[in-house]
Amino acid sequence: MSMVGKKVGDFSAQAFVQGDFKTVKTADLLGKWSVFFFYPADFTFVCPTELEDLADNYEEFKKIGCEIYSVSTDTHFTHKAWHDTSPAIGKVNYPMLADPNHVVSRDFGVLIEEEGLALRGTFIINPEGEIVAYEVNSLGIGRNSDELLRKVQAAQFVAKNGGEVCPAKWKPGSSTLKPSLDLIGKL
């Protein structure tokens, strides 16, 4: 069953963000674009490369009005310890949500129940709190924040310009398509 169009369920989670602990709730997502970036666990191998990649692009996401939330089933205390000891994770300024009770991971369908870990799930959420795009990878496949940024930009364009769509490899400023009978068989 597709998650596209699903409203994010009610949650309240502790997060480590910029040297402090903060509570993040479903209501915090409303009115802005968000990305939920699930990963299996702190102090692992692929995860720090992904979170560092996101940290390197975080300003670009903020410029387009999109907040990043990384999420694992670790505690917020573990997130702080990882942030304080890893040079890669030390770059992270976006909220690192803790989901030790698995509520958020289960709601997004990425929880590996028997392991208590999350798959590598990436969810783009619109300002109404609805999932508009997502992908889920197995544990060994890392993601690319440049492609994620492009997808958020495309989702924003489509939301703003009803009736136009973004073709493959679309980037802001590139040509879009306006679906019509005239295009059928011509592309």
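Here is a walk through the structure above, from its overall build down to a few side chains. Keep in mind that this is a predicted model.

Let's start with the big picture. The protein chain has nine strands and four helices. Read from the N terminus, the elements go β-β-β-α-β-α-β-α-β-β-β-β-α. The C-alpha trace covers about 55 × 30 × 30 Å along its principal axes. How does the radius of gyration sit with a compact globule? For 187 residues such a globule would come out near 16 Å, and the protein chain has 17 Å, so the two agree.

Of the 187 residues, 44% are buried. The chain exposes about 9500 Å², with 55% of that supplied by carbon and sulfur atoms. Contacts also reach along the sequence: taking those between residues at least 6 apart, 64% join residues at least 24 apart.

Ser-34 has a relative accessible area of 0%, so it counts as buried. Who are its partners? Setting aside neighbours within four places in sequence, Ser-34 is in contact with Leu-29, Cys-66, Glu-67, Tyr-69, Phe-123, Ile-124 and Ile-125.

Now for the charges. There are 19 positive and 25 negative side chains, and the centres of these two sets lie 6 Å apart. Salt bridges number eleven. One of them joins Arg-143 and Glu-50, at 2.8 Å from N to O. This pair ties together distant parts of the chain, 93 residues apart: Glu-50 belongs to helix 1 (residues 46-63), while Arg-143 is in the loop between strand 9 (131-137) and helix 4 (145-160).

Other salt bridges have partly exposed partners. In helix 1, Lys-62 and Glu-59 meet at 3.4 Å, N to O. These residues are three apart in the helix, which means about one helical turn separates them. Lys-62 is partly exposed at 40% relative accessibility, and so is Glu-59 at 46%. Glu-113 and Arg-106 form another salt bridge, with their closest N and O atoms 2.9 Å apart. Here Glu-113 has a relative accessible area of 48% and is partly exposed; Arg-106, with 43%, is partly exposed too.

Terms used: Residues numbered from 1 in each chain as written. Predicted model: local features only at pLDDT ≥ 70, side-chain atom pairs only at ≥ 80, totals over all residues. Heavy atoms only, no water. Buried < 20%, exposed > 50% of the residue type's maximum accessible area, 1.4 Å probe, protein only. Contact = heavy atoms within 4.5 Å. Helix = DSSP H or I, 4+ residues; strand = E, 2+ residues; numbered from the N terminus. Rg over C-alpha atoms; globule rule 2.2 N^0.38 Å. Areas by Shrake-Rupley, 256 points an atom, 1.4 Å probe, with all protein chains shown as cover. Lys, Arg positive; Asp, Glu negative; His and termini not counted. Charge placed at Lys NZ, Arg CZ, Asp CG, Glu CD. Salt bridge = Lys/Arg side-chain N within 4 Å of Asp/Glu carboxyl O.
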